[in-house]
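Dear colleague,

I am passing on a structure for your attention. Please look through it first; a summary of what was found follows below.

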Amino acid sequence: MNLQKEERILRSDPFPVRKLLDFSDLHLRVLAGEEGLNQTILLPELNRPALELSGFFEKWRPNRIQILGSGEMAYLLSKHEEPSVHEYVERIFASHPPCVVITNNFDPFPELLHLAETFHVALLQSELHTTQFTKRLWDHLEIELSPYVVKRGVMMDIFNVGVLITGPSSVGKSESALELMHKGHTFVADDLITIRGAQSSKVIATGHSPVPYHMEIRGIGIIDAARMYGPRAIRQYKQLDLIVSLEDWDADTDYERLGIDRPTTQILGIDIPCYTIPVKPGRNISTIVEVAVLDHKLRESGVFMAKEFDETLIKIMQKREGR
């Protein structure tokens, strides 16, 4: 069963090249063309202009970040004095790509520095191997440039499963998250959660607030989970795998008793499994959330306890009827 709800899909703000320098794992530094740091990156797709350096521009995509790896740099170092190759390199910079990145810590020859300054294209350098750099850069851009929705709740990492705890105000979401942190689980964000469609098969959740890792606990106020529980209790991003919806107990509601059918809710076109847990005094919600996560992990591995229970019960009844 799909619990489809209308969601407002938002688009990311413009992403300037200079923000790439904030990702310390890319090991980037600016070589030339600082004015180009204000250029906007529109696509996560990357390009290694090997064909373009040989003069083939039929499939040229100037709106992508251009990466010069060991192959491209070796070719340029041996051919850059040839007039035709110089013309091709100039054409690349004249097309104003978002930026040009040299990997493997290769030093650029003077023409590259001159072209970067002339056409105001940021020329960056990374010490990383091309494959490693491309993978990391793609991961960052795919998250930063993807469409997103904003949900209310608490995002947690429980047994390595990304869980969004939702529910009405004062139902106990933040209190449950606190108890889960006491049990050793990891906190991602509270209140407003940004969920991005990083790939067609998964979504990534993070905090929407500019001041991360803070929680509101009624009766106490705002607390800083990072300072209170330490760096091991927090993380910035987590793939969303499961939604646990808390609601006030209603005696007239027919809650799930067996768990054979598990509803889903769709976020950015992806179906996310969803558990609905009624809340009333005496129920240990954090423990029930843990059980829901363990049940989810078993289902993902092909173990359906409710179906096994149902099948076993039917077999017992059939044996009794056959006597």
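Accessible areas here come from the Shrake-Rupley method with a 1.4 Å probe. On that basis, the accessible surface of the protein chain comes to about 17,700 Å², and carbon and sulfur atoms hold 50% of it. Please note that this is a predicted model.

As to the overall form, the protein chain contains nine helices and 17 strands. Its radius of gyration is 26 Å, whereas the globule rule gives 20 Å for 323 residues, so the chain is more spread out than a compact globule. Along the principal axes, the C-alpha atoms fill a box of roughly 90 × 55 × 35 Å.

Of the 323 residues, 45% count as buried. Among contacts with a separation of 6 or more, 71% join residues 24 or more positions apart.

The largest nonpolar core has 28 residues. Met 156, Val 163, Phe 187, Met 215 and Leu 246 are those with the most contacts inside this core. Two or more residues come from each of several elements, including strand 8 (148–158), strand 9 (161–166), helix 6 (173–182) and helix 8 (285–300). Strand 12 (214–217) is also one of these elements. Leaving aside neighbours within four places in sequence, Met 215 is in contact with residues including Ala 177, Leu 178, Met 181, Phe 187 and Ile 223. Ser 174 and Asp 190 are also among the contacts of Met 215 on this count.

Finally, the protein chain carries 36 positive and 45 negative side chains. The centres of these two sets lie 6 Å apart.

With kind regards

Note on methods. Residues numbered from 1 in each chain as written. Predicted model: local features only at pLDDT ≥ 70, side-chain atom pairs only at ≥ 80, totals over all residues. Heavy atoms only, no water. Core = buried A, V, L, I, M, F, W, Y, C linked by side-chain atoms within 4.5 Å. Buried < 20%, exposed > 50% of the residue type's maximum accessible area, 1.4 Å probe, protein only. Helix = DSSP H or I, 4+ residues; strand = E, 2+ residues; numbered from the N terminus. Contact = heavy atoms within 4.5 Å. Rg over C-alpha atoms; globule rule 2.2 N^0.38 Å. Lys, Arg positive; Asp, Glu negative; His and termini not counted. Charge placed at Lys NZ, Arg CZ, Asp CG, Glu CD.
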